Every structure is written in structure tokens, then in C-alpha cells.
Amino acid sequence: MNIAKDKVVVIDYTLTDKDGQVIDKSDPSTPLAYLQGNGNLLPALEGALEGKVQGDSLNVVLAPEDGYGVHDDSKIVEVPKDMFKDVGEVKPGMRFQARGPHGVELLCVVGVEENTVKVDGNHPLAGVTLHFDVTVREVREASAEELAHGHVHGPGGHHH
Ligand code: ZN
């Protein structure tokens, strides 16, 4: 069976950056299961997997534009430290969710001054060229329930 829209696809993957540094990796005992063509994975990655069959291995290199976006300096802003008064001590590296004009955004603290905190709203992988090493373990039909939910149920997918 070929990978096509609404098929359940089970993959092993390793994600590295351009230097071969591992960013993310599926565990061999818990491969990732997703529903093709439903926005579960990056569209460019699903595009590269389209038509592949069980046992296929592929290397997919995605430019930042096809991954998590280019790094945008305007998303690094200084905000009053008062905004963090409920948090306690604010330190670089801390992550917060904030409600912004585009929904919930993940912010990372990159600097702390006396009265202000510098936060970066870029995705942690913005500006990174993504190298995916993917092996297709299984391709199967989705159940009616999986199609209704837009994601895979059971091992490697959602449990609810
Ligand atoms: Zn579901």
C-alpha cells in the first residue's frame, strides 16, 4: 500500500541539524504513527513521504521555510519584569506560553535585566535546516474514528 491521504503511516525517524546533532528521535519500541494529509506532520515532510511504501527509507532535508520558519529578530522583545511577578525568579532558558495575536505562542526567556525581561517568540527550531531520516514501518487504512478525529489512535498515536 502506498502512502496517500488518510492512510495511517507508522515511521521511525531521526531529526538532526546540519552538523548531525540529534534534535529528536523516535524510540524503536514506540515508532510514530500519523495520519497522512491531515496536518499531523510538517507538510513538506508529508509531501516527501507521499507514495512511499512499507520498508522505504528516505532522507529529507527541509529548509527553515519548509520547517519551523526563518528566525525573525522582531519576535525578540523586551517586556516589563512585572509581567512575571507571579512566576518568582525569572531565568534565561525558561519557557512560557502567552496569548498573542496568533493564538498561544511559546516564548523563551533569553535575557533578564533589572526591570525588563527579553523574550524570544521564535520557534526553538526556527532558522534550522532539518534533516529527517525516515523509515516507513507500516502503511494501513485508517478507521472511521481515526478519520473523524484527524489523527491515529493506539500505539504511536493518540490515547484518549
Ligand atoms: Zn482521537
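The zinc ion has four protein donors, His149 (ND1), His151 (NE2), His153 (NE2) and His160 (NE2), at distances of 1.9 to 2.2 Å. The model that shows this site is predicted. Selected residues are then described by their setting.

**Zinc site**

- The site of the zinc ion is tetrahedral, with angles of 100 to 125° among its four donor atoms.
- For four tetrahedral donors, the ideal angle at a metal is 109.5 degrees.
- Along the sequence, the donor residues of the zinc ion follow the spacing H-x1-H-x1-H-x6-H.
- Histidine 149 belongs to helix H2 (residues 144–149) and histidine 160 to the segment after H2, so this pair ties together parts that are 11 residues apart in sequence.
- Histidine 149 is partly exposed, because its relative accessibility of 36% falls between the limits of 20% and 50%.
- Histidine 160 counts as exposed, because its relative accessibility is 70%.
- Valine 152 also lies in the segment after H2, but this residue is buried, with a relative accessible area of 2%.
- Between valine 152 and valine 60 there are 23 Å in space, C-alpha to C-alpha, and the two are 92 residues apart in sequence.

- In general, strands of a sheet pair through backbone hydrogen bonds.
- Strand S7 (residues 103–112) and strand S8 (residues 116–120) run antiparallel and are joined by four bridges.
- These two strands, S7 and S8, form a hairpin in which three residues lie between them.
- Cysteine 108 has aspartate 120, in S8, as its bridge partner.
- S5 also runs antiparallel to S8, and five bridges join the two.
- Valine 77 has valine 119, in S8, as its bridge partner.
- Valine 117 is another residue of strand S8, and a relative accessible area of 0% makes valine 117 buried, because the limit for that class is under 20%.
- Valine 117 and asparagine 40 lie 34 Å apart in space, C-alpha to C-alpha, with a separation of 77 residues in sequence.

- Two faces can be told apart in strand S4 (residues 57–62): Leu58, Val60 and Leu62 form the covered face, whereas Ser57, Asn59 and Val61 form the uncovered face.
- Asparagine 59, found in strand S4, is exposed, with a relative accessible area of 59%.
- Opposite asparagine 59 stands aspartate 133 in S9.
- Asparagine 59 and aspartate 133 are 74 residues apart in sequence, yet their C-alpha atoms are 4.8 Å apart in space.

- Aspartate 6 lies in the segment before S1.
- The phi angle of aspartate 6 is near 75°, which is a positive value in a residue other than glycine.
- Most residues other than glycine have a negative phi.
- Aspartate 6 is partly exposed, with a relative accessible area of 27%.

Methods
Residues are numbered from 1 along each chain as its sequence is written. This is a predicted model: local features need pLDDT of at least 70, side-chain atom pairs count only at pLDDT 80 or more; totals for chains, interfaces and linings use all residues. Side-chain values use heavy atoms; hydrogens and water are left out. Donors are N, O and S atoms within 2.8 Å of the metal (3.2 Å for Na, K and Ca); water is not among the atoms, so sites may look incomplete. Four donors count as tetrahedral if all angles lie between 85 and 135 degrees; four count as square planar and six as octahedral if opposite donors are over 155 degrees apart and all others between 65 and 115; anything else is irregular. Buried means under 20% relative accessible area, exposed over 50%, partly exposed in between (1.4 Å probe, protein chains only). Two strands pair if DSSP finds at least two bridges between them.
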